[in-house]
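I opened the model to look up a chain contact, the nonpolar cores and the packing of some helices. The entries below are in the order in which I worked.

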Amino acid sequence: MNMELLIWHDGSNWVVKNERLTLSAPTLEELDVEVERFLRGSGMLREGETAEVFMTFDNSTIPQWIRQYAQHYFNRVLEVRG
Amino acid sequence: MEEKHDESRKEAASGSLTGTALEAEDVLAGAEPWEPVETKLVVWSLLIAAAALIIGLLVVPTSILHTP
Amino acid sequence: MADLSNRRWYSGMLTQEDWWAVWLGVGFFFISLFNLAGVDLVGWITYPTKWVLYPPEGGKGAVSHAFYALGKKYSVTAKGFYKGLGWWSVLWTYVVFTIATCIGAAFMRWNLKRFFTGWTIIYFLTIATWFVGHHAFIAANKINMKQYGLNFALSLGGGGSFILALIVGLIIGNFFKPFANYLSEAAKPEWYIKTAIVTLGVKLGYLPIKLSGFSHKLGKEAASLTFDLFVAGAAATIVAYLIFWPGVYVISRKLFKLPRKTAAVLGSGISICGVSAAVATGGAVRAKPVVSIMVSALVVVWAVIELVILPGFFTHVWPGTNDPLVAGAAMGMSVKTDGADAAAGELMDEFMRNKIESETDGAVIWPSGIITASAVMTKVWIDMFIGIWAFVLALVWVYKFERRAGEKVPVSEVWHRFPKFVIGYFFCWFFLLALYFGPGQSGAVEAMPFLKSVKAGAVPIEKGMRKLFFMLTFLSLGIITDFKKLKEAQFGKMVWVYFVALFFFIIPVAIVIAYLFHHGMQIPNIAGFVQ
């Protein structure tokens, strides 16, 4: 299964969000654990299955004056095995 | 959460040169010890630069090797 | 509303400045090509000329002619109409570019009302400084000052206007901060310079066409010079880049004891293309955005300091007019941000051309824009390379340092970080080259009427639109630069890392590498044809 999330940093935590979930954690490692826990807990990820989570950075949280110089922060992919 | 997201955006749109609401204290402090993989990164970068320099000087027609 | 402009490879095409630089530059370039069908739709673009309050009898410089529509000189089909525009061309230019930029601003979801008023103020301030900067006392040189009834002139050429625009911008940015903040919606130096760089592509493609109007041989020389710059710029950039980055990284880590991610972001910000590199690297190493934001804030201020110091230094101290293209290439590698670099290159272009003309009593005249092109060429290569370097760093950080289970770095990151305006730059350049080598028959006499039509369209873009967008860049750069930021405590030792790395490492290395690849490259002399 595939899932898409929006990711940004709110000053203290990394946050991911889509229409079904909002999760946050101070580091990406902890965030990934939260995502994994959600996938397993919600039953979206069955045993033996692999989920691909695509995270798109929300550019609107980068100061507007910087966006003219660089239009991309990062997108990341997380693979979670069930 | 949504409030903080909005806050990040509002801060971002302000056009100010520094992100005043952002936490900056850990940017300068807490240097990790130097690791061998860093040496590798630096050395490889310089080695590729040296190789590119030699090839470049030989290949590029305007390089100093071809200038009378 | 969330900004998902990098969700898919195409999703930012209507919402990013980078793409809008392409649409503006390429759009007006295509409009200019209507000249091939006998319709001149770009001759209204305004351009200043030197003036004095009291021109000598039979001399030049009436204030009433201080601005003219470029079609007056270059149009093939509507010369008479454009001749009549005079100062009105300033308003025509305002109306057309206001519509074009406002469409861009609307698509980018900016505050349109604030953009419109900010743009209007910035545009007319630009025109005012452009006018003042073209007073013959500032712009004339010893070869032509007598025509204006002067016994002395500063010989700054168009450079005087650039300096004035920067000064006016800096005064606003540093002493009238609420006003600067209000203008910030429209003070977009990177958008303007990227648009100007796309039109510089028109300039590069037009250069052989222009010079073939003087002689067939000169045209071919110009075409081969632009290719040489392309190749030499690529080689110099890759070498410099791979020396700069590890150097600054080691300085930051070992000398200033900075954390790994901060050192990586600083390494890119100081050594490569400034803000865009700092943001690209910050994302690649998964740093909190604040690291890139802080480094970026420093970069823009230091870049303006470089812009103030380096053009004069390279022109008058070393390498001077002996090696103008070494200076240009070194500029591209040492001045951060496209805006400050292209602006510094353009300023030096004016300084150098006026210097050589004065030094040789008019025996040597260089066509404009080649030195600028050399400064932009290295920068364009750097801009393209940062995407690849950031990808390498992402691999090192994700797979070697942090090793988060399951995380993958998508290859599409290289495309998302690719500077899209470069596509417009190369497109315009190669399109015109294709016209030159194809139907233009490399400048053969039979093809001259065709090339003249191309010229009628190209000149207003490569000269009028390009210089206007350069002027807008200088003014906007000043407006968004607040020197007080350097004193802010939170930057701490970053300011010093920047100073040490830039002046004792980056600039010297840039000069050496530029010398190795560009030493001895000559700019064609057009003195015999323009006088």
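My notes start with the conventions and then go through the chains.

**Conventions.** The model is predicted; local features need pLDDT of at least 70, side-chain atom pairs count only at pLDDT 80 or more, and totals for chains, interfaces and linings use all residues. Residues are numbered from 1 along each chain as its sequence is written, and chains are lettered from A and ligands numbered from 1 in the order in which they are written.

**Chain C against chain B.** I looked up contacts (C-beta atoms, placed from the backbone, within 7 Å) and found 41 residues of chain C touching 30 residues of chain B. On the chain C side, α10 (216-255), α11 (260-271), α13 (289-316), α16 (370-402) and α20 (494-518) each supply at least two residues. Helices here are DSSP runs of H or I, at least four residues, numbered from the N terminus. α10(C) gives the most, with 13 residues. By class I noted 24 nonpolar, 8 polar and 9 charged residues on this side of chain C. Nonpolar covers Ala, Val, Leu, Ile, Met, Phe, Trp, Tyr, Cys and Pro; charged covers Asp, Glu, Lys and Arg; the others, Gly among them, are polar.

**Cores.** A nonpolar core is a set of buried Ala, Val, Leu, Ile, Met, Phe, Trp, Tyr and Cys residues joined through C-beta atoms within 7 Å. Buried means 20 or more other C-beta atoms within 10 Å of the residue's own, with C-beta atoms placed from the backbone. The largest core has 217 residues, and C:Val239 and C:Met294 are among those with the most contacts inside it. α10(C) gives the most to this core, with 20 residues. I then checked C:Val239: leaving out residues up to four places away in sequence, it touches B:Ala49, B:Ala52, B:Leu53, B:Gly56 and C:Ile513.

**Helix α12(C).** In this helix (residues 274-284), 11 of 11 residues are buried. The cover includes α2 (64-67) of chain A together with α11, α13 and α16 of chain C. Just after the helix, C:Arg286 takes a positive phi of about 60°.

**α13(C) with α15(C).** The axes of α13(C) and α15(C) (residues 338-359) come within 9 Å and cross at roughly 20°. Axes are lines fitted to C-alpha atoms over the stretch in contact, with angles from 0 to 180 degrees between N-to-C directions. The two helices are therefore roughly parallel, the label for angles under 35 degrees. The residues that meet include C:Leu307 in α13(C) and C:Leu347 in α15(C). I noted 13 nonpolar, 1 polar and 2 charged residues in this contact.

Conventions:
Two residues are in contact if their C-beta atoms, placed from the backbone, lie within 7 Å. A residue is buried if 20 or more other C-beta atoms lie within 10 Å of its own, exposed if 12 or fewer, and partly exposed in between; C-beta atoms are placed from the backbone. Angles under 35 degrees count as roughly parallel, over 145 as roughly antiparallel, 65 to 115 as roughly perpendicular and the rest as oblique.
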